[in-house]
Amino acid sequence: MHPHLFRLSTTLASVDRETPRIQAWGSKLAAVLNGGGRLLTCGNGGSAAEAQHLSAELVGRYRADRRPYAAIPLHADTSSLTAIANDFGTQEAYARQVRAHGRPGDVLMCLSTSGASGNVLAAALAE
């Protein structure tokens, strides 16, 4: 097997072990969205692009026509993002929006390649 394919198969095997957790999380998110709750997403760079893509699929139709789900990519509102960064610093760019848009029972999905993005971590801790 080609070394690249071997590395991919090893990664897929590790993800496969997490299938029950992923399915449980998906069921929880589906229940929130079907119940009228929202998904807020955030990330930086490529993670922001992934967050926006997920949000777009939920608001759009993905595979089949259905009612749209409420999903908000927090980085996509550039006026709010830059105003918050200007007034409160970049660390608060997402946390302040979580406090503004998030409601009890909503879901926040934070994407970070490094797992150490300060503004993404602050969003996760926002109350």
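**Close-ups of the sheet and cores**

**View A. Leucine 40 has isoleucine 72 as its bridge partner in strand 2.** Here strand 1 and strand 2 run parallel, paired over four bridges. Strands are DSSP runs of E, at least two residues long, and helices are runs of H or I of at least four, numbered from the N terminus; pairing takes at least two DSSP bridges between two strands. This is a predicted model, with local features needing pLDDT of at least 70 and side-chain atom pairs pLDDT 80 or more, while totals for chains, interfaces and linings use all residues. Residues count from 1 along each chain as its sequence is written, and side-chain values use heavy atoms, with hydrogens and water left out.

**View B. The open sheet has three strands in the order 2-1-3, with parallel pairing.** Strand 2 (70–73) and strand 3 (107–110) are the edges, each pairing on one side only. From one strand to the next, the twist averages 20°. Helix 3 (residues 46–59) packs on the sheet and touches strand 1, strand 2 and strand 3; its direction makes about 155° with that of strand 2 (axes are lines fitted to C-alpha atoms, for helices over the stretch in contact, with angles from 0 to 180 degrees between N-to-C directions).

**View C. Eleven residues make up the largest nonpolar core, including Leu40, Cys42, Leu74 and Val120.** Such a core joins buried Ala, Val, Leu, Ile, Met, Phe, Trp, Tyr and Cys residues through side-chain atoms within 4.5 Å, buried being under 20% relative accessible area with a 1.4 Å probe, protein chains only. Strand 1 (38–42), helix 5 (95–101) and helix 6 (118–125) each give two or more residues to this core.

Note on methods:
Buried < 20%, exposed > 50% of the residue type's maximum accessible area, 1.4 Å probe, protein only. Contact = heavy atoms within 4.5 Å.
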